[in-house]
Amino acid sequence: MATLLGISGSLRRGSFNTALLHAAESLAPDGVRLEIATLHGIPLFDGDVEREGVPDVVTALKDRIAECDGLLLATPEYNHSLPGPLKNAVDWLSRPQADQPRVFHGRPVALVGATPGPTGTRYAQTAWLPVIQNLGMRPWFGGAFYLSQARQAFDESGTLMDPDYRERLRGFLAGFAEFLGR
């Protein structure tokens, strides 16, 4: 069984990106389990704090990433770029630099995103590419998943109701699962 670790770049209760990961959890293909991690509790990156030791919450997330077969990042788009909470977490997760290979090098990664706006996180997903390259990750470019107009795609409880998006997400996950096997 392959294990994907999904991380939402949003901290908001009712986050569309967290809801997207929950939809992905239920749509994962046979032989793939999606676990969802949270960024709650990760402090703002601070070199002084780092000198005292990497926070336990960061170390625990690093260990989960190191143990997974692939990483699924659900990225919001803030001002046509990276969301601060997720970028902050990646900055922590890459410390100390000597631990980067264990956590990131060669790790398969795919990007998805949901937004209430019309562009569907295209800018944010593109902005992640230099970060992914710098960390030595193995990105999957065989598919793209941008969910726009998220208020219409999810119901009040956060369930992905739009059948077209559900089918696209199912296909996206199947493609990423196939990529993991290569």
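Q: In which sense do β3 and β4 pair, and over how many bridges?
A: In this predicted model, β3 and β4 pair in the parallel sense over four bridges, and within that pairing Leu-71 stands opposite Val-109 in β4.

Q: Which other strands does β4 pair with?
A: Strand β4 also pairs in the parallel sense with β5 (residues 138-139), over two bridges, and there the bridge partner of Pro-108 is Arg-138. With β6 (residues 145-147), β4 again pairs in the parallel sense, over three bridges, and Leu-147 in β6 is the bridge partner of Ala-114.

Q: How should I read the two faces of a strand, and which residues of β4 point each way?
A: The general idea is that side chains in a regular strand alternate between the two faces of the sheet. In β4, Pro-108, Ala-110, Val-112 and Ala-114 point one way, while Val-109, Leu-111 and Gly-113 point the other way.

Q: Are the residues of β4 buried or exposed?
A: A residue counts as buried when its relative accessible area is under 20%, and by that cut-off seven of the seven residues of β4 (residues 108-114) are buried.

Q: How many cavities of 30 Å³ or more are there, and what lines the largest cavity?
A: The count comes to one cavity of 30 Å³ or more, and about 90 Å³ of space lies in the largest cavity. Its lining has 14 residues, of which Leu-71, Leu-73, Val-90, Phe-104 and Met-137 lie nearest the centre, and the lining divides into 14 nonpolar, no polar and no charged residues.

Q: Which element gives the most to this lining?
A: Helix α4 (84-93) gives the most, with four residues, and β3 (70-74) and α6 (122-134) each supply at least two.

Key. Residues numbered from 1 in each chain as written. Predicted model: local features only at pLDDT ≥ 70, side-chain atom pairs only at ≥ 80, totals over all residues. Heavy atoms only, no water. 1 Å grid on protein atoms, 1.4 Å probe; cavity = no way out; pocket = protein on both sides within 12 Å on 5 of 7 lines; lining within 4 Å. Points joined across faces, edges and corners; volume = space filled by probe spheres on them. Nonpolar A, V, L, I, M, F, W, Y, C, P; charged D, E, K, R; others polar. Buried < 20%, exposed > 50% of the residue type's maximum accessible area, 1.4 Å probe, protein only. Pairing = 2+ DSSP bridges.
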